[in-house]
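Work through these exercises with the model open. Each task is followed by a stepwise solution.

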Amino acid sequence: MRPFDDRNILLVVTGGIAAYKSAALVRRLRERGCSVDVLMTENAEKMVGAATFEALSGRPVHRSLWERPLAHIELGKDADLAVVAPATANTLARMAGGHADDMATSTLLAVDCPVVVCPAMNTRMWTNPATAQNVATLRDRGVAIVGPEEGPLAEAEVGMGRMAEPVTILSELGRLLEPPGGLTDHKVVVTAGPTRAAVDPVRFVANRSSGRMGFALAESAWRRGASVVVIAGPTTAEPPHGPRLIRVEESGEMLDALRAELDGAAVLLMAAAVSDFGPAEALDSKMKKEDTGDTVSLELRRGPDLLSETLDQRSSGGVFTLGFALETHDGLENARRKLEAKGMDLVALNEAGHPDSGFDSPTNRVTIIDPDGAVEEIPLMSKEEVADRLLDRIEAQLRVAE
Ligand code: CTP
């Protein structure tokens, strides 16, 4: 899957406890279509066996300068990206110093692809001025530093120094592999997930939206170099790590956040399933069974329509808007009507009722319709792939408009 398809990644594993997490990184890279060559230092092998990496990468692990002449030159030659994960304090120091006394440092000195380093160490080692200086030196040379993160460390300590999670590293690698496109440095606002309307302090009216489509759009826009903010309702899906995240609950809160964030935005991706109706009045205390009969009537009132409410702001700001239309019948006709009424530049039609698309599904199937009525069918694929197709289309339209 783009931007990982057919890419060659060189993964250098050094001797940190987080080496086990790099095994998960290999798996994820392979799932996305990369080939991975793993190089392990002697200390790394004390943490995780080479057999694990051999099995996951499907290739022999490299470890010695002497495995064949010029192995350290050969290995990096075809790499699109070299990743050092985990990178110990010692590895950082040796890289900063330009050492070339083992297979890892020699290979890293010889590669001409971008290098990404994922430090992992004890907090005091990380904050030591020597490490800080080594990191600054590497950054100055164009090495990308991912992490570390704060959290539980070895020795039952908590602090800064944990290696970034494999999903985070994967996102960062995706951004480095993605060729620069039309969204670079543009502000993109994404809404995702459902909104809730309170019935009482413990109950609410909402819908089945998982937030996955919105999060996939946000990730794809961020990977393309955009500055992305996601305004998300309550979801259990993991939000993308790069974009700024604003959590909201009710549609009114989402509208307030949207109005504020549309300032300076170039693109709005309106994937949230905003609840159209909420209880006319939310109760202050819990509705008790003994106070109600066998049936309860709930009076619902229409909430704000966020696209309609922001129409003037979007048109005066020239914000390119992608909206969705979730339909059970007359899909094309209803989607076209929404596109026009809500001032969208593109609408992605979702036909409800298919278990493999729409709400709460990892896959989706959409039809893109533009203001001229042109229709493009996107067949069933993962929401991440659908997001990429939608953003390809938006980038193309923005190029034409420029
Ligand atoms: N939308 C919105 N505010 C709402 C409801 C929806 O901004 N209160 C946005 C959605 O994010 C989506 C588009 O409008 O991009 C269409 O949403 P959809 O649920 O398909 O349609 P509705 O406008 O709610 O109309 P209906 O329920 O009558 O089909």
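**Exercise 1.** In which sense do strand β16 and β17 pair, and over how many bridges?

*Solution.* The model is predicted: local features need pLDDT of at least 70, side-chain atom pairs count only at pLDDT 80 or more, and totals for chains, interfaces and linings use all residues. Residues are numbered from 1 along each chain as its sequence is written, and side-chain values use heavy atoms, without hydrogens and water.

Step 1. Strands (E, at least two residues) and helices (H or I, at least four) are DSSP runs, numbered from the N terminus. Two strands pair if DSSP finds at least two bridges between them.
Step 2. β16 (residues 320–327) and β17 pair in the parallel sense, over six bridges.

**Exercise 2.** Which strand runs antiparallel to β17?

*Solution.* Step 1. Strand β18 (residues 363–369) does, joined to β17 by four bridges.
Step 1. Here Leu349 stands opposite Thr367.

**Exercise 3.** Why is β17 largely enclosed by the rest of the structure?

*Solution.* Step 1. Buried means under 20% relative accessible area, exposed over 50%, partly exposed in between (1.4 Å probe, protein chains only).
Step 1. Five of the six residues of β17 (residues 346–351) are buried, so the strand is largely enclosed.

**Exercise 4.** Which strands pair with β1?

*Solution.* Step 1. β2 (residues 35–40) runs parallel to β1, with six bridges. Val12 has Leu39 as its bridge partner in β2.
Step 1. β3 (residues 81–87) also pairs with β1 in the parallel sense, over four bridges. Leu11 stands opposite Val83 in β3.
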